[in-house]
Amino acid sequence: MPAKKTVKKPVAKPATAKKTTVKKTAAKKPAAKKVVVEEVKEVAPEMHECACGHECKCDRDCKCGCHGGSKFGRFMMKLIIVLIIFALGFAAAKFVDGGRDFRGPRVDFDNGCLDVSSVKCPEMQAVLPIMDVDGDGCITRDEYCAVKQEMRRQMRAAGMQEIED
């Protein structure tokens, strides 16, 4: 039986259709198959950091570190390390500061009276005679605080006046 040939039919075009001739396609010969030779190399077993080999039985909870653990666990470890470093730095700063108080200089009161030698500020030393309101020779904590608040008010008022000018 003879081989059947496929024939393409032309698509009809509207109004301006030309007469086309049908071409017969020649049978193509199949291309020769190329033989590819692959070289087989020996595959070395995959080694992890823990040297447990290709068939590692470790899981994420393993302490060997070959699987890296979870991202949250690594984050928490880094956070804890940073907090420890911060705490150590804070403790070192407390030792290095020489016992100074960060709130400013303090004055001492002995038996309810101000110890005049503990006042370091020259402005405060100039105001000491005025601080003794009742004139008994003893500056109490209340008298000291009242004068100090009045000095703060005066400093704020002077600062506001500078800003307005």
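**Legends: a predicted chain in overview and close-up**

The chain exposes about 16,000 Å², and carbon and sulfur atoms supply 60% of it. Areas come from the Shrake-Rupley method with a 1.4 Å probe; for residues, only the protein chains shown count as cover. This is a predicted model: local features need pLDDT of at least 70, side-chain atom pairs count only at pLDDT 80 or more, and totals for chains, interfaces and linings use all residues. Residues are numbered from 1 along each chain as its sequence is written, and side-chain values use heavy atoms, without hydrogens and water. The chain has three helices and two strands, in the order α-β-β-α-α. Both are DSSP runs numbered from the N terminus: helices are H or I, at least four residues; strands are E, at least two.

**Close-up: a nonpolar patch.** Phe-72, Phe-75, Leu-79 and Leu-83 make a nonpolar surface patch of about 430 Å². Leu-79 sits in helix 1 (residues 71–96). Leu-79 is partly exposed, at 35% relative accessible area. Buried means under 20%, exposed over 50%, partly exposed in between (1.4 Å probe, protein chains only).

**Close-up: the loop at Asn-111.** Asn-111 lies between strand 1 (109–110) and strand 2 (113–114). Its phi is near 55°, a positive value in a residue other than glycine. Most residues other than glycine have a negative phi. Asn-111 is exposed, with a relative accessible area of 82%.

Definitions and conventions:
Patch = residues over 30% accessible without salt bridge, like charges linked within 9 Å, V, L, I, M, F, W, Y side chains within 5 Å. Salt bridge = Lys/Arg side-chain N within 4 Å of Asp/Glu carboxyl O.
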